[in-house]
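The following note sets out points for a colleague reviewing the model shown below. Each point may be checked against the coordinates.

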Amino acid sequence: MSTRAAPPPHTGSRPGGRSARIRAAVHRAVEELLTDEADEPLTIPVVAARAGVHATTVYRRWGSVGELLTDVATSRFSGDIVVPDTGSLREDLERYASDLAKDLNDPDTLPLVRATIGTAGDQGASACTGERRQQLQAMLERDQARGNQTPTVERVTDAVIAPLYYRAVFTDQALTPEWTRGLVTNLLPD
């Protein structure tokens, strides 16, 4: 009869262990495949091969390409843009819109946005824009605390965020600084 205590129950993956390395390798593989010039379709087996893991590992963790893209997008777009605090809602929104335009112009970002929205539907769109709404809400609440009247998050989204994403995803038109500032001017006329 052994007097050793039973090992503690397994409580999930270790953040710095094998699971984290696999997640990083799979995310990197997705990003590489999306930006490669090759016409290779984005499938679980193709991602797994590029990541150097077995396809069943990817299926078990993500289940589908849509879920995988959603996870990659959520990871990529979390905290990537700092919410400005200039003391002026107009200046905050202009700086924020400019930073978002630069991010959307990034050759690594746009393919991920397009693939995630195209493959994962509403869940993918939320992964690409969910944090944006939270950032807008923070700017608006900060300006309200200063005693100012502000538009709603929905109004700012419709006037600033939606046109940026639409132009980036669906057109070849540039997201110029002048055009981006004009979105804020249309929202908050003098």
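How many residues does helix α4 have, and how far does α4 reach from its first C-alpha to its last?

1. Basis of the note. This is a predicted model, in which local features need pLDDT of at least 70, side-chain atom pairs count only at pLDDT 80 or more, and totals for chains, interfaces and linings use all residues. Residues are numbered from 1 along each chain as its sequence is written, and side-chain values use heavy atoms, with hydrogens and water left out.

2. Helix α4. Helix α4 (residues 65-77) has 13 residues and reaches 18 Å from its first C-alpha to its last. This is close to the 18 Å expected at 1.5 Å a residue, where the expected span is 1.5 Å times one less than the number of residues. Helices (H or I, at least four residues) and strands (E, at least two) are DSSP runs, numbered from the N terminus.

3. Burial of α4. The buried residues of α4 are Val65, Gly66, Leu68, Leu69, Thr70, Val72, Ala73 and Phe77. Buried means under 20% relative accessible area, exposed over 50%, and partly exposed in between (1.4 Å probe, protein chains only). The cover over these buried residues includes α1 (18-35), α2 (44-51), α3 (55-62), α5 (89-105) and α6; contact here means heavy atoms within 4.5 Å.

4. Overall composition. The protein chain has 8 helices and 0 strands, and its elements run α-α-α-α-α-α-α-α from the N terminus on. Of the 190 residues in the protein chain, 39% are buried. Among contacts with a separation of 6 or more, 65% are between residues 24 or more positions apart. The chain exposes about 10900 Å², of which carbon and sulfur atoms supply 50%; accessible areas come from the Shrake-Rupley method with a 1.4 Å probe, and for residues only the protein chains shown count as cover.

5. Nonpolar core. The largest nonpolar core has 52 residues, and those with the most contacts inside it are Val26, Leu68, Leu93, Leu104, Val160 and Leu164. The elements that give two or more residues to this core are α1, α2, α3, α4, α5, α6, α7 (153-170) and α8 (177-187). Because domain 1 (17-63) and domain 2 (82-187) both give residues to this core, it lies between them. Such a core is a set of buried Ala, Val, Leu, Ile, Met, Phe, Trp, Tyr and Cys residues joined through side-chain atoms within 4.5 Å, and the domain bounds come from an automatic or database domain assignment. In soluble globular proteins, nonpolar side chains tend to be buried together.

6. Not counting residues up to four places away in sequence, Leu104 touches Thr109, Leu110, Val113, Leu164, Tyr165, Ala168 and Leu175. Asn105 lies in helix α5 and is partly exposed, with a relative accessible area of 47%. The C-alpha atoms of Asn105 and Ala168 are separated by 7.3 Å, although the two are 63 residues apart along the chain.

7. Gly124 in α6. Gly124 is located in helix α6 (residues 109-145) and counts as buried because its relative accessibility is 0%. Its C-alpha atom is separated by 7.3 Å from that of Leu69, 55 residues apart along the chain. Beyond residues up to four places away in sequence, Gly124 touches Thr70 and Thr116.

8. Which contacts does Gln135 make, leaving aside its neighbours within four places in sequence? Gln135, in helix α6, is in contact with Ile81, Val83 and Tyr96, and Gln135 is buried at a relative accessible area of 6%. The C-alpha atoms of Gln135 and Val82, 53 residues apart along the chain, are separated by 8.5 Å. Asp143 is also found in helix α6 and counts as buried at 5% relative accessibility. Leaving aside its neighbours within four places in sequence, Asp143 is in contact with Leu89, Asn148, Gln149 and Thr150.

9. Annotation. UniProt, in an unreviewed entry, lists residues 43-62 as "DNA-binding region". UniProt positions are given in the numbering used here, feature names are shortened, and annotations may be inferred rather than shown by experiment. In the model, the span of residues 43-62 is 80% helix and 0% strand, and its end C-alpha atoms lie 12 Å apart.
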